[in-house]
Amino acid sequence: MSFKGFQKSVVRAPQQFRSKFNIGENTKDAVYIDAERRFQELEAETKKLHDESKKYFEAINGMLQHQIDFSKAMTEIYKPISGRMSDPMSLEVRGNAEGIRACEEYEAVVKDLQETLAPELEMIDSRVIRPANELLDVIKVIRKTAVKRDHKKLDYDRHRTTLKKLQDKKDKTAKDEKAMWKAENDVEQSTQEFNYFNDLLKDELPKLFALEREFIQPLFQSFYYMQLNIFYTLHEKMQHCDIGYFDLTLDIEEAFHKKRGDIQEQAEKLSIVKFKTTGMKRPPKYGGPKPLLESSTKPAGLLTAGSDSPTTTTTPSPSTLSPRPAWQRDTEGSEAPPPPYSAAHTPVTLAGKTPVTLASKTPTASGPVSPGLSSLAAAAAAKSKPPPPKPKPSRLSANPAPAVETVIALYDYSAQAEGDLSFRAGDVIEIMQRTTNENEWWTGRLGGKSGQFPGNYVKLNS
């Protein structure tokens, strides 16, 4: 848009707004409005005719080219894969010679068909697509004339409104008289320009509509006959396509199953095609960490004996327990109990909770303790214990003792450091001190012995 055109669009903007929302006086011509509606339909349908005929032309060409590419791909698949390290029969040259020969024959038939249909497709391009494109060019020129007519209508209504305001003014000054004289000249000029374009379109558009019918009739007839020729040629060529590789006497589905044989069953027996996608981490089958406790009747290193009766415990699934750290792993399809938290005074942030500082513990794998840890434990045991606290006054001991809180062990736990409390799954432990967070270390008593243990190994008794 030029600068002059931009200035005109700015001047016409207020009148265009009033015309859009039907404010004030707006010139309307019923004959032109009907012709404009029909012209819009012609414009849309001609564009659709051009696009669809072009798509049909490209689809026939694309279909033949896809058939040729398909036969080339099948030929490559039938060729032997020899001389490669991934081929166990690399020294033996093997391939489907019959399949390769059939693909080559099929490719030759389709190429011959493509050459035969080339003149018919060229006729579609010259007799349908190009005329539709030429009609689109004519419609574009008419559309520019219609847009110019709309602009002249805006100028005509705008100048009429200005003149009416000046004429309705009671006390006119010399400046108003000069402005009214200019407005009258503008109205006269805009009236002539608007009437010219308005009458031109009202006279010429009906003639265009009559010519449209004369244009569409041969166009559609040509397209119909050319389409029949294409289908007839396709049918004749493929009907006489005799490739010995295919048995055309059988039903399509029956021939497919006969050719396939038991190949699908053999492929499904391969281990590499058996896999599951459950959306969850699969347990490692090889090289995974060993469980903390073996499945024997009495694990080594237990300080307190649990119930002698055999009890079957089921380890809860990860979805039913609280979030656990990355050291927790599945072994051989069964979930091991969660090892106690470690890292001295390490802040750990759980989902939806504030960071907590865990007590100073150093968990190790089940087994013998290293010599360094043994010496530290012996040094700690050699220290003199603090004197016992003074007895409580009698006035305080008269009150009834509070209810003792207990927990049930969910997993076996063997003491891994000095001061830990060992237990078996199912043991009832008396709580001496605990926190509200089950992922921390609690203090309890079992069988006359007290010590610390991980809170996520037990469950509170309600």
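Residues are classed as buried under 20% relative accessible area, exposed over 50%, and partly exposed in between (1.4 Å probe, protein chains only). The model is predicted: local features need pLDDT of at least 70, side-chain atom pairs count only at pLDDT 80 or more, and totals for chains, interfaces and linings use all residues. Residues are numbered from 1 along each chain as its sequence is written, and side-chain values use heavy atoms, with hydrogens and water left out.

With a salt bridge defined as a side-chain nitrogen of Lys or Arg within 4 Å of a carboxyl oxygen of Asp or Glu, the count is 21. One of these joins R434 to E405, with an N to O distance of 3.0 Å. R434 is located in the loop between β6 and β7 and E405 in the loop between α8 (394-397) and β5 (406-409), so the pair ties together parts 29 residues apart in sequence. Both ends are partly exposed: E405 has a relative accessibility of 31%, and R434 has a relative accessible area of 32%. Within helix α2, R37 and D34 are 3 residues apart, about one helical turn, and their side chains meet at 2.7 Å, N to O. R37 is partly exposed at 42% relative accessible area, as is D34 at 36%. In helix α4, K182 and D186 are 4 residues apart, again about one helical turn; their closest N and O atoms are 3.2 Å apart.

Helices and strands are DSSP runs numbered from the N terminus (helices H or I, at least four residues; strands E, at least two). Strands are taken as paired if DSSP finds at least two bridges between them. An open sheet of 5 strands has the order β8-β7-β6-β5-β9 and antiparallel pairing. Its edge strands, β8 (449-454) and β9 (458-460), each pair on one side only. Strands β6 (428-433) and β7 (441-446) run antiparallel and are joined by 3 bridges; I431 has G444 as its bridge partner in β7.

A nonpolar core is a set of buried Ala, Val, Leu, Ile, Met, Phe, Trp, Tyr and Cys residues joined through side-chain atoms within 4.5 Å. The largest such core has 25 residues, among which I124 and I230 touch the most other members. Two or more residues each come from α2 (30-78), α3 (97-168) and α4 (174-239), and α3 gives the most, with 11 residues.
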